[in-house]
Every structure is written in structure tokens, then in C-alpha cells.
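Please view the model first, then read the points by topic.

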Amino acid sequence: MESNNIHQWIKFKRWRMEFLAYLEWENSRDYGKMKGSSGFSSSSTAEEVTHGVDASGLTAIVTGASSGIGIETARVLALRGVHVIMGVRNMAAGRDVKEAIVKEIPSAKVDAMELDLSSLVSVRNFASDFNSSGHPLNLLINNAGIMAPPFMLSKDNLELQFATNYLGHFLLANLLLDTMKKTARESNREGRIINVSSEFHRYPYPEGIRFDKINDQSGYKKFQAYGQSKLANVLHANELMRRFKEDGVNITANSLHPGVIATNLFRHNTSLADDNPIRVFLESAARLVLKNVQQGAATTCYVALNPQVKGVSGEYFSDLVSMDRTGPLALARNRNEMDKPPLSTDLWGVQPQRKGFCRRCGNDKREKLSKKGAPGFSASSTAAKVAQWIDGSGLTVLRTL
Ligand SMILES: NC(=O)c1ccc[n+]([C@@H]2O[C@H](COP(=O)([O-])OP(=O)(O)OC[C@H]3O[C@@H](n4cnc5c(N)ncnc54)[C@H](OP(=O)(O)O)[C@@H]3O)[C@@H](O)[C@H]2O)c1
């Protein structure tokens, strides 16, 4: 074998190992196979879980609607009567999706607006254009994402996964909040914010979120950085829920794992060419065990539209059931700890001065905890515990918003 081929082969083996480990772990989650309290299962489709729902009169923003789960989410929401605004960075792809949806559903109300979540300027422009358009906003679906690219910086010089998956959506939600509140008030209909996270949120860096090392290239681990950004998505929804409850706002905020679906998300995780026979074989095999996009969009559409979810907030859903109700708790979500400083509050960047809380612990304790699992925590870990090594000084990253 030539050295180039050997190199390719090693890369492929490494990617395959990571991918198979992910599949094995996903399949081991027996709760995903059960019919949950929703009455649906992991093989239910987005159309099935919204069957009979009349959502006409609602307006939704779906980010990342130019590919994968986002396209199907936009299509099914439009099918149910929602006016869908697709936030996409590739306007040509957005127009193609719009055309395809309208061709299938002539009554569909679908628009595409330019949004690059890795650019804070682009997010601000999008929000400003949307807010001044006079459209109401009932549903915000933060779906766009990238997974495990090599280390890269965004246009604002922030690690790309954290910038795209979390910060862009955090800013977007903040800038659209007044419009959402106004819509909820005037229409007397519950607003819903949905963060599409991932089971990977349980596998961030050992410290959880590296506030002080977001841009640390030398310690960059692409899957842990993905987990970090997805943990931030969960915490963001939790903190929104807490604030909405406190202020009596009629908007819910939830996060979810859509399942494992063969989409373009995996683009950074193989060096094999599209037509490489090994890749073609693996992708065909994967399709037999993974969800398709119709199933992959089900949890999002369920949480967005199904009346069963009315009033439910601060939950993490997977396969159409709230994980809180079925057992495993999402990291940092222990309700009894709500009155203590949660990591989600820190993530928001509102209490950077809490010195005692941010004190770093000794190595021994860290080692002991790390035996519990990759992130170093278990389902019974408290919010204060998972946040104990967070250095508040890193919060300046968030305060720049
Ligand atoms: N597929 C899975 O197995 C899986 C599992 C768990 C969680 N998820 C989550 O599900 C969500 C959807 O993923 P998917 O599987 O549908 O992947 P996908 O097919 O790659 O779609 C991702 C979407 O995000 C958009 N996007 C990426 N970077 C963006 C940016 N800077 N600004 C605006 N849009 C951007 C992409 O736009 P372009 O087309 O222009 O690149 C695309 O429309 C992601 O948040 C992902 O983390 C997926």
C-alpha cells in the first residue's frame, strides 16, 4: 500500500471506530425503543406526531432548513399550516427547499432569509430584518448545527462549533425575544423555543464548558467540543425556562435529541470520497439501522406542535419523550438545585462575579469524579457540582454579546 493509502486507511479506521461506538451507544439506549407517554416511538415520523394538528396562524423560524432534519421540519410545519421562515446561510439551497415544499404543498407559506450563525453580524442582521418585517413569531427552532470539524474559528474568532451551535442561537433567541413575547401576549397562544441538541451533550470536556478555553486549539477535541456546544444548547433552554417562569412569560423552552440520522452532519467525519465503495457500503448499511429524516424530525415537530407538550418547559426530549420523566436526567438539570447557581445561569453570563462558586477544585477530586463517566458526572450529580470548576473569568466571551 502506498503511504497515502495507508494514511487514508488509518483515518477511515479511526472514523469507523468513532462512528460504530456512537451507534452502539445509541442502540443501547433501550428507552428510545419504548413507546413513551406521548404514545409515539422512535420510529414515528414528523407527520405522524403532528397528525390532526391545525397550526394555521402560527409563524416559525427554523434555522438550518437547507439540509437534513431542518428541511423535513420546515416541510411538516408548513404542511400543518405554519408560516415557516427558514434561516439559511446558503440562499440558493434555501430557495430550492422552498420550491420543493411549495410544489408538494401548494398552500404552504415558506420563506427563506439569510442567516449565518457563525457570524454575530449576520445574526443581528437577520433578527433586525425579521423584527422589522412585522411578522409574529410563535416558534423558534434552533436546529442548525455542525459536528466535529477540525479546529476552526468563526468570523468573530470563536471556536466554530461553540459559535455556530450555541452562541449564534443564543444571540438569535435574545434578539427575537421581544417579538415572541409580544406575539404570545397578543395572540394568547403559547410560544415555543426548541433547541436541537444531541445525546453528545453528555460527553463534553471533563470540565463541562470550558469558559476560559473556548479558543484553546492545543486542547481541542472535536467531539468533546461538539458535546460542549450541545450541552450549552440544553442549558440555554433550561435557563430560558427559568426566566420565563420567573417573569410569567407564556413561552416554553425545551431541548432535544433527534436520534441518529444519516445527514450531511457527518461531512467532517470521513475523509473518504463520496463515491468511495467503502463509504457507499457503510452509508447503505447505516441507513438500515439509523432513523430516516422523517423520523429524525419527529421529536422537533412533536415538541413544536403537539398539544401534549402544552405548558411543558425546561425538558430534554429524546424519541418523543421527556428524559426527565423516563429516568436519566440531562446534565445540570436537578430541579432541587434550581435555587443554587446553575451552570446555565453562568452560561448566560449574568453572574460573573460569583467568586466562591467559580473556585477551582484540586486534582484529586477531579480524578475521583471522572471515574463516573466521560464528563465526570452521573445522573445524580447536582448543578452546583457540575459547575464547580467553571472559572467565571471566561464569561467575558459571552459578555461581548
Ligand atoms: N443527524 C444526526 O444524527 C444528529 C444527531 C444529534 C443531533 N443532531 C442535530 O440536529 C441538527 C440538524 O442536523 P442535521 O443532521 O440535519 O445536519 P445537516 O444535514 O448537516 O444540517 C445542518 C444544517 O445546519 C446548517 N448550518 C451549519 N452551519 C451553519 C451556519 N453557520 N449558519 C447557518 N446554518 C448553518 C446547514 O447549512 P448548510 O447546508 O449551508 O451547511 C444545514 O442546513 C444539528 O443541530 C445537529 O447537531 C443531529
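## Ligand shell

The shell around the ligand holds 12 nonpolar, 15 polar and 2 charged residues. Here Ala, Val, Leu, Ile, Met, Phe, Trp, Tyr, Cys and Pro count as nonpolar, Asp, Glu, Lys and Arg as charged, and the others, Gly among them, as polar. This is a predicted model: local features need pLDDT of at least 70, side-chain atom pairs count only at pLDDT 80 or more, and totals for chains, interfaces and linings use all residues. Residues are numbered from 1 along each chain as its sequence is written.

- The ligand is surrounded by 29 residues, and Gly64, Gly68, Ala144, Gly145 and Thr263 are the closest. A residue is near a molecule if its C-beta atom, placed from the backbone, lies within 6 Å of it.
- Helix H3 (residues 68-79) is the top contributor to the shell around the ligand, with 3 residues.

**Overall make-up**

- The protein chain has 16 helices and 8 strands. Both are DSSP runs numbered from the N terminus: helices are H or I with at least four residues, strands E with at least two.
- Of the chain's 401 residues, 47% count as buried. A residue is buried if 20 or more other C-beta atoms lie within 10 Å of its own, exposed if 12 or fewer, and partly exposed in between, with C-beta atoms placed from the backbone.
- Contacts between residues at least 6 apart in sequence join residues at least 24 apart in 76% of cases. Two residues are in contact if their C-beta atoms, placed from the backbone, lie within 7 Å.

**The sheet**

- The 8 strands of an open sheet run in the order S3-S2-S1-S4-S5-S6-S7-S8, with mixed pairing. Strands pair if DSSP finds at least two bridges between them.
- Strand S3 (109-114) and strand S8 (321-322) are at the edges; each has a single partner strand, so one side of each lacks a neighbour in the sheet.
- S7 and S8 are antiparallel and share 2 bridges. Serine 318 has valine 321 in S8 as its bridge partner.

**Strand S1 and its neighbours**

- Strand S1 (residues 59-63) is mostly covered, with 5 of its 5 residues buried. Thr59, Ile61 and Thr63 point one way, Ala60 and Val62 the other, and all are buried.
- S1 runs parallel to strand S2 (residues 83-88), joined by 5 bridges. Threonine 63 stands opposite glycine 87 in S2.
- S1 also runs parallel to strand S4 (residues 139-142), joined by 3 bridges. Alanine 60 has leucine 139 in S4 as its bridge partner.
- S1, H3 and S2 form a right-handed β-α-β unit. A crossover is right-handed if, with the strands pointing away from the viewer, the path from the first strand over the helix to the second runs clockwise.

- All 7 of the 7 residues of strand S6 (residues 251-257) are buried, so the strand is largely enclosed by the rest of the structure.
- Ile251, Ala253, Ser255 and His257 lie on one side of S6, Thr252, Asn254 and Leu256 on the other, and all are buried.
- Strand S5 (residues 191-196) and S6 run parallel and are joined by 6 bridges. Valine 196 has leucine 256 in S6 as its bridge partner.
- S5, helix H7 (residues 222-247) and S6 form a right-handed β-α-β unit.
- S6 and strand S7 (residues 316-318) run parallel and are joined by 3 bridges. Serine 255 has tyrosine 316 in S7 as its bridge partner.

- The largest nonpolar core has 89 residues; Ala60, Ala74, Leu77, Val84, Met86 and Cys301 touch the most other members. Helix H6 (residues 160-187) gives the most to this core, with 11 residues. A nonpolar core is a set of buried Ala, Val, Leu, Ile, Met, Phe, Trp, Tyr and Cys residues joined through C-beta atoms within 7 Å.
- Helix H10 (residues 298-305) is mostly covered, with 8 of its 8 residues buried.
- Cysteine 301 touches Ala46, Val49, Thr50, Thr73, Val76 and Leu77, leaving aside residues up to four places away in sequence.

**Glycine 311**

- Glycine 311 sits in the loop between H10 and S7. Glycine 311 is exposed, with 9 other C-beta atoms within 10 Å.
- The C-alpha atoms of glycine 311 and glycine 191 are separated by 9.7 Å, while the two residues are 120 residues apart along the chain.
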